[in-house]
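Please look at the sequence and structure first.

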Amino acid sequence: MRRKGRRLVLIGSALGVAGIAAGLVLYALRDSVVFFYAPTEFVAKAPAPGTRLRVGGLVEQGSVKHLGDNRIQFVIGDKSKTITVTYRGLLPDLFREGQGIVAEGVADGSDTFAADSVLAKHDETYMPKDVADALRKRGEWRGQGASAEPAPADKTANR
């Protein structure tokens, strides 16, 4: 076999081994690739108690109950199914009923979840106040309360 033929066989073999390794890694991580499960997916999957994962959905109106000893129970849903979540600790500032959250923890039962961390999600229209003010000054702000004219400059800042 010539030098070029040996090189092609070596490169082909290396690519084959790399492809098999990548396939095995993806197969092993198939359940971990999902960022979070919606309540419908969680109920359908019915994870065994003690399975560690993330669930996400909207906090149902009127479902937040303070159980004492820094424990909170609430229900999240996705307009089809709901999950009861229990959490011990301080909730994020953006947590409220009707807001989207992602909770990380372990499955407790068929439709219950024990969270050890809760992340509240803000909407896509969020913009830091400093950035919004800078855009208003330049007349480029098109968000809520936008006007075609730039906001007047603060005259007390130059005193």
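Q: Does Phe113 count as buried or exposed?
A: In this predicted model, residues are numbered from 1 along each chain as its sequence is written, local features need pLDDT of at least 70 and side-chain atom pairs count only at pLDDT 80 or more, while totals for chains, interfaces and linings use all residues. Side-chain values use heavy atoms, with hydrogens and water left out. Buried means under 20% relative accessible area, exposed over 50%, and partly exposed in between, with a 1.4 Å probe and protein chains only. Phe113 has 1% relative accessibility, so Phe113 counts as buried.

Q: What kind of aromatic pair do the rings of Phe42 and Phe113 form?
A: Rings of Phe, Tyr and Trp (its six-membered ring) pair if their centres lie within 6.5 Å; planes under 30 degrees apart count as stacked, over 60 as edge-to-face and the rest as tilted. The structure holds two such pairs. For Phe42 and Phe113 the centres are 6.0 Å apart and the planes stand at 90 degrees, so this pair is edge-to-face.

Q: How many residues apart in sequence are the parts that the pair of Phe42 and Phe113 ties together?
A: Helices (H or I, at least four residues) and strands (E, at least two) are DSSP runs, numbered from the N terminus. Phe42 lies in helix α2 (residues 39-45) and Phe113 in strand β6 (residues 112-120), so the parts tied together are apart in sequence by 71 residues.

Q: Which residue pairs with Phe74, and in what geometry?
A: The planes of the two rings are 65 degrees apart and the centres 5.0 Å apart. Phe74 is in strand β3 (residues 71-77), and its partner is in the loop between β4 (82-88) and β5 (100-107), 21 residues away. The geometry is edge-to-face, and the partner is Phe95.

Q: Does Phe95 count as buried or exposed?
A: Phe74, at 0% relative accessibility, counts as buried. Phe95 has 12% relative accessibility, so Phe95 counts as buried.

Q: Which residues have the most contacts inside the largest nonpolar core?
A: A nonpolar core is a set of buried Ala, Val, Leu, Ile, Met, Phe, Trp, Tyr and Cys residues joined through side-chain atoms within 4.5 Å. The largest one has 18 residues. Two or more residues come from each of β1 (52-59), β3, β4, β5 and β6. Those with the most contacts inside this core are Phe74 and Phe113.

Q: With which residues is Thr112 in contact, leaving aside neighbours within four places in sequence?
A: Contact means heavy atoms within 4.5 Å. Thr112 is found in strand β6 and counts as partly exposed at 27% relative accessibility. Leaving aside those neighbours, its contacts are Phe42, Ile83, Thr84 and Ala107.

Q: Which residue in β3 does Lys65 stand opposite?
A: Two strands pair if DSSP finds at least two bridges between them. Strand β2 (residues 65-68) and β3 pair in the antiparallel sense over three bridges. In β3, the residue opposite Lys65 is Gln73.

Q: Which helix has the lowest mean pLDDT among the elements of the chain?
A: pLDDT is the predictor's confidence in each residue, from 0 to 100. The chain averages 78, and 79% of the residues score at least 70. Helix α1 (residues 3-28) has the highest mean among the elements, 91. The lowest, 72, belongs to residues 129-138, helix α3.
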